[in-house]
Every structure is written in structure tokens, then in C-alpha cells.
Amino acid sequence: MSAVPAVERWGATPSRLLRADHGPLPRLGRAALLAEIEASGLTGRGGAAFPTAVKLAAVARVGNAVVVANGTEGEPASWKDKVLLDSNPHLAIDGAVVAARIVGARRVTFAVGRANRAVLKRLQRALAERSDGLDVVVETVPDRFVAGEESALLNRLNGGLAKPTMRKPYEHGVLVQNVETLANLGLIARYGAGWFRQRGTAYEPGTVLVTVHGAVRNPGVLEVDLGMPIREMLQRFGGLTAFPHAVLVGGYFGTWVRAHDVLDLPLTNTALAPVGASLGARTLVVLPQGACGLAESARVARYLAAESAGQCGPCVFGLPAMADALEMLDLDRLRRLAPQVSGRGACAHPTGATRFVASAVDVFSDEIERHRAGRCSGAAHPPVLPLGASREWR
Ligand SMILES: Cc1cc2nc3c(=O)[nH]c(=O)nc-3n(C[C@H](O)[C@H](O)[C@H](O)COP(=O)(O)O)c2cc1C
Ligand code: SF4
């Protein structure tokens, strides 16, 4: 999906991340800012939900820091960072300024995917409109699934390929923070931790940007409260357009869940854990009855195999073998492969892909016999899950 969809639709609760009228940043010192972020309970919005204050404090301790604003969003099913940077780049820049103040950085690099020229131009224009006394640059990276993994991003920004390494950026004074996380820093610096905690739940506070597509009337990106029931959230996207078979929660590193098991759960990691799911970067795809979850998952498994950075054996050989086994519905082979692939490799790519494939086999088990008999119930349905197309690593 290369173009930014027309997305900012105002729900009953006003969107604060996608609105560009927050005024100047307050002049707080680094200790006061860090204390406020710690009190807010903000966690990273890039997928792993790591406590932001902990990472800021760790990088500040190393010294000689730089900030990398991660707006790469290499997952083709996710649009939220592109929408944020397109609709409100100043808030993400504010957050990068706050982060730089806390970790003592003089340099900030925004990284965005290469295909999205509109986002790049919008960010560059926003930077030209302001002066923060920092060295702020924008770099483009290849639109590959793993290019936004933080060590891959760092490798690319240092002139190498956009492939993961064993380096942990924060140990070297590099703060890599998702742009939505940064936008939240900009808001918390202005309005405080108490204000941030007015939305969301006590354990998972705040709002999040969600990308929703599949069987909803208005696919796109909206800001919603953590803890909102998923069924209610789908109403904000115009409601369902077909009977829902399953929901992919958390994008291509995520988990398929049967629709009746997930629609009445609140949108939090705590609530999703018992059904084996987590929010990740909050991409949700509603699969309509009539589309084939096995066929959809086999296409994505093949795509994820092709997105391996080609460096670690379990990933290079395991992911194509897994895609073959899913296409052939060789469940014994899938069962044997899973422990040989998951948890291996230099990054979480094989683990995420294994989780996705395992959930497909579980949730779409009723399709398996039909496929073995040569009948796919969704053969006539157009593809639901989008795939990326870039072949570059540099
Ligand atoms: C394969 C892979 C791809 C990733 N892609 C992205 C991405 O596109 N954008 C992003 O912000 N984080 C991505 N991450 C997570 C980053 O490594 C990193 O944890 C994140 O940018 C940290 O920001 P946060 O703490 O604000 O969430 C990816 C991780 C993995 C394992
Ligand atoms: S696990 Fe796969 S994607 Fe990750 S570094 Fe190794 S080869 Fe690359």
C-alpha cells in the first residue's frame, strides 16, 4: 500500500495525535520531563510496548546520545505512522525534541520508508517551518518488512544494508523510538501524566493509533482509547460489511483469532493474552466469511519468507519451508519446523512469522479438509491482506 489513505475521521472522542494545534512546548528540564513520562506509564507504540521512560533513562546514562525517530513502518498492512506523519508531523518532531532533551542528544534522524514521497515531503516541510536548535535530518530506508527493526535501521543509517545486526542501539547511546511514541511524548510534556492517564486503562494508559481493514466500511487509521471493546472500535470504522470469520490482531507478527472469541474483548494486551494475541503495532484485519484464511495466510507466509534478511539459517531455510508446508497443508512438517524456527535468528522475524502461521492452522482448521478435497471456499474472493513489493536492502 504505497499511498496514504484518506483517513482522519473524527470519532466521538476527539483525536489528539492526528490534530495539529497543540501550541509551543513548555520549557521543562530533563529530570522533570523524565519524571512525567515515567508517571504517565507510556509504552512504546512500535510493537513491543516497552516502557518508554526506562529506555530514555538507559540511553541518557550512556551519554553522547542521538535520537532516531522510527517512521519506517515496513509492514504493508500498517498505515498508522504514515498517517501520523502526514497529518501531524509537528507533534512527532516535538516528541523527538523532548526525547533529545532528556537523553542529551544534539542530533535527531527521522527515518521513513522510501516509497512514500508524500510523507517525506510533509516531514521536510514541517522541519523547514521550525527551528529547534538541533541537527534534524530525514533519511529514507528501503520498504522492507525488517528494515524498521532497530538494529537494521541503525545499520542502514550508518551506510550499511537495512538488515538486522546483533547490536542493541540503546547500549550505544542511540534512542530508537517509534514516531507515535514520540508524538505521545510531545503531548505528555505539554499536558502531563495525569492528563495522559485520563484515557485508556490503569495498566495500559493512553490512546493508540489503530489501522483497521478487511470487512469494515471505512478502512483506515483512527485514534482510540486502549481498553475500548473491539466491537465498538469497529463501529468507529463504519461497522462490519460482512459476517466476520476471524480477526488478525497485531499484523503479520500477530495472531488470527476467531471473531466470536475476540470481538467483545477490550483493546489491551492484558485482555488479548488469554486468546494468544497481543496488539503489536495495532493492525487489525477483519476476515469476512467467504475469504479463505488459509489462502490469505499462505500468501503472507511466502511474503514473510521472502522478507528474510538472508543472514540466519533458521530464518533463511525455515521460513520458505514453512511457507511450502502451509501451502501443502503438511501439518506434521509445520509442527516439526516451529520449534526449529521460532526464537532463532538475530531478530524476531522468524518468531513472528511462526506465530502467524501457527495461528492460521489453528483458526482455519475447518478449511483444511475442504482444501485437501481440492475445494477452497474463498477461491473467488479477492485478496484481503496486502503485500509489499520492494526488493531493495540499501
Ligand atoms: C522485524 C521487525 C520489524 C520492525 N519494524 C518496525 C517499524 O517498522 N517501526 C517501528 O517503529 N518499530 C519496528 N520494530 C520495532 C523496533 O525494533 C523498535 O523496537 C521500535 O522502533 C522502538 O520504538 P518504541 O519503543 O517507541 O516502540 C520492528 C521490529 C522487528 C523485530
Ligand atoms: S532472523 Fe531472519 S530477518 Fe532476522 S536477521 Fe536473521 S535472517 Fe535476517
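1. Strand β1 (residues 66-71) and strand β2 (residues 107-113) run parallel and are joined by five bridges. Strands here are DSSP runs of E with at least two residues, numbered from the N terminus, and two strands pair if DSSP finds at least two bridges between them. Within this pair, N70 stands opposite A111 in β2.

2. This is a predicted model, in which local features need pLDDT of at least 70 and side-chain atom pairs count only at pLDDT 80 or more, while totals for chains, interfaces and linings use all residues. Residues are numbered from 1 along each chain as its sequence is written, chains are lettered from A and ligands numbered from 1 in the order in which they are written, and side-chain values use heavy atoms, with hydrogens and water left out.

3. The open sheet has four strands in the order β3-β2-β1-β4, with parallel pairing. Because β3 (135-141) and β4 (174-178) are at the edges with a single partner strand each, one side of each has no neighbour in the sheet.

4. Around ligand 2 there are 13 residues (near means a heavy atom within 4 Å). The closest are A309, Q311, C312, C315 and C347. This shell comprises eight nonpolar, five polar and no charged residues; Ala, Val, Leu, Ile, Met, Phe, Trp, Tyr, Cys and Pro count as nonpolar, Asp, Glu, Lys and Arg as charged, and the others, Gly among them, as polar.
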